[in-house]
Structure formats: structure tokens, C-alpha cells
Amino acid sequence: TALLAVLFFGTTGFFIYYTREARMYSLYVALTLLATWAYTRWWHAPALKTALLYSVFGILLLYTHYTSFTVLLAHAIHQAMTLRKWQQHVPIWQGVMPFILIGLLFAPWLPFFQEQLVINTGFAAPGTLPSNLATLAAIWLLLTSGYWGIFGLAFLLSRVIVRPQDAYHALLLMLLWGGLP
């Protein structure tokens, strides 16, 4: 899966374009992948060690770019939607502990975050985009440079064949992770 990810990100025009800029975009993508990886490790094996690992990558992600809260929101929604699986293994407080820790560590930055939202009123997009399937399809094609089928193939190879029992949860996380941000 990692080799396929390197191949796709290394040949996708959208990501190659932004790697040329001396900004946070490459770090943002790397931390998004690391946070999602740490989240899936924590989700599969809930323990203090994996929860702290996810918290570290989550807070680094939040301090890298202010729109990264959507990635963590996708993780939180996935966690809430799959809570029944968790209730069999761990107490409910362990299921929210990393999110609370990330929130507490980000709290000192909230006044500055609010100020940036006031100063940059159009921070997410210069204009209004319609919220429909065509917009989502265009964004997906832009992010994948038309390789959308290969991303689906990578998902099939990494989850459906290797761990078929987790295919639904992995697909749910992939849709939230790719669609919500």
C-alpha cells in the first residue's frame, strides 16, 4: 500500500505542482497521511501508545494548516459511526481521549485561528462552489489527476483482499477522508 501511495503521489500532477512551492502543502499531505495511518492503527488496536501517536500527528497537522480540522473531523465521524465495534473492546472514554487531547493542545491557538477567519473571509475558496456531485467529481479528478480507478484498485488490494472483515470500515474512512476535506 505504501509503495502504491508513493507511486500515485509521485505521479499525480496536483501534488507535483504543489511540491514546487516552498510552503506547507507537502508537509500537510505527509501529516495527513501519517495522522490517518496512526488513526487506523489506534482504531484497530486501541491502546495508550497508539492513541498518543495519533494525538501527536493530529496536533502537528492542526498546527500545519488551519483547514486540516476537516481531516480530523472525518476521523471523528468515522469513530462515531463505528462506535459499536469499539464498545466491545474499550471504555467509551478511551474512544474520545485522543480527540480531547488534540483539542486541549490546540486550544491556545484558537484566538489566533478566530482572528484569521475574520481577516481572511474567503479562506477556503475565492468563490462559492456548488455542493453537488459534479463538484465532488471535479475535485476528485483534480486530486487524482484522472487516476481515480487506480486509487480504487489500491483500496481493493490493501483492504478487501488482505482484510476483508474490515472492508466496510476502511471504505467508510476513505470516503470520509476524501470527501469531507
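**Core.** I started with the largest nonpolar core of this predicted model. It has 18 residues, and Tyr39, Tyr54, Leu61, Leu72 and Ile102 touch the most other members. For my notes, a nonpolar core is a set of buried Ala, Val, Leu, Ile, Met, Phe, Trp, Tyr and Cys residues joined through side-chain atoms within 4.5 Å. Buried means under 20% relative accessible area, exposed over 50%, partly exposed in between (1.4 Å probe, protein chains only). Helix 3, helix 4, helix 5 (69-81) and helix 7 (92-106) each supply at least two residues of this core. Helix 3 gives the largest share, seven residues. Helices here are DSSP runs (H or I, at least four residues), numbered from the N terminus.

**Ground rules.** I count residues from 1 along each chain as its sequence is written, and side-chain values use heavy atoms, with hydrogens and water left out. Since the model is predicted, local features need pLDDT of at least 70 and side-chain atom pairs count only at pLDDT 80 or more, while totals for chains, interfaces and linings use all residues.

**Tyr39.** What does Tyr39 contact, leaving aside neighbours within four places in sequence? I found Tyr54, His75, His78, Gln79, Phe99 and Leu173. Contact means heavy atoms within 4.5 Å.

**Helix 3 on helix 4.** I looked up the axes of helix 3 (residues 25-44) and helix 4 (residues 48-64): they come within 8 Å and cross at roughly 155°. Axes are lines fitted to C-alpha atoms, for helices over the stretch in contact, and angles run from 0 to 180 degrees between N-to-C directions. The two helices are therefore roughly antiparallel (over 145 degrees by the cut-off). From helix 3, the contact residues include Leu31, Trp37, Tyr39 and Arg41; from helix 4, they include Tyr54, Phe57 and Leu61. I noted 15 nonpolar, four polar and one charged residue in this contact. Ala, Val, Leu, Ile, Met, Phe, Trp, Tyr, Cys and Pro count as nonpolar, Asp, Glu, Lys and Arg as charged, and the others, Gly among them, as polar.

**Phe57.** Not counting residues up to four places away in sequence, Phe57 touches Leu31, Leu34, Ala35, Trp37 and Ala38. I also checked C-alpha atoms: Phe57 and Trp37 are 20 residues apart along the chain and separated by 9.5 Å.

**Helix 4 on helix 5.** These axes come within 9 Å and cross at roughly 145°. Tyr54, Gly58, Leu61 and Leu62 in helix 4 meet Phe69, Val71, Leu72 and His75 in helix 5. I logged six nonpolar, two polar and no charged residues there.

How values were computed: Parallel < 35°, antiparallel > 145°, perpendicular 65-115°, else oblique.
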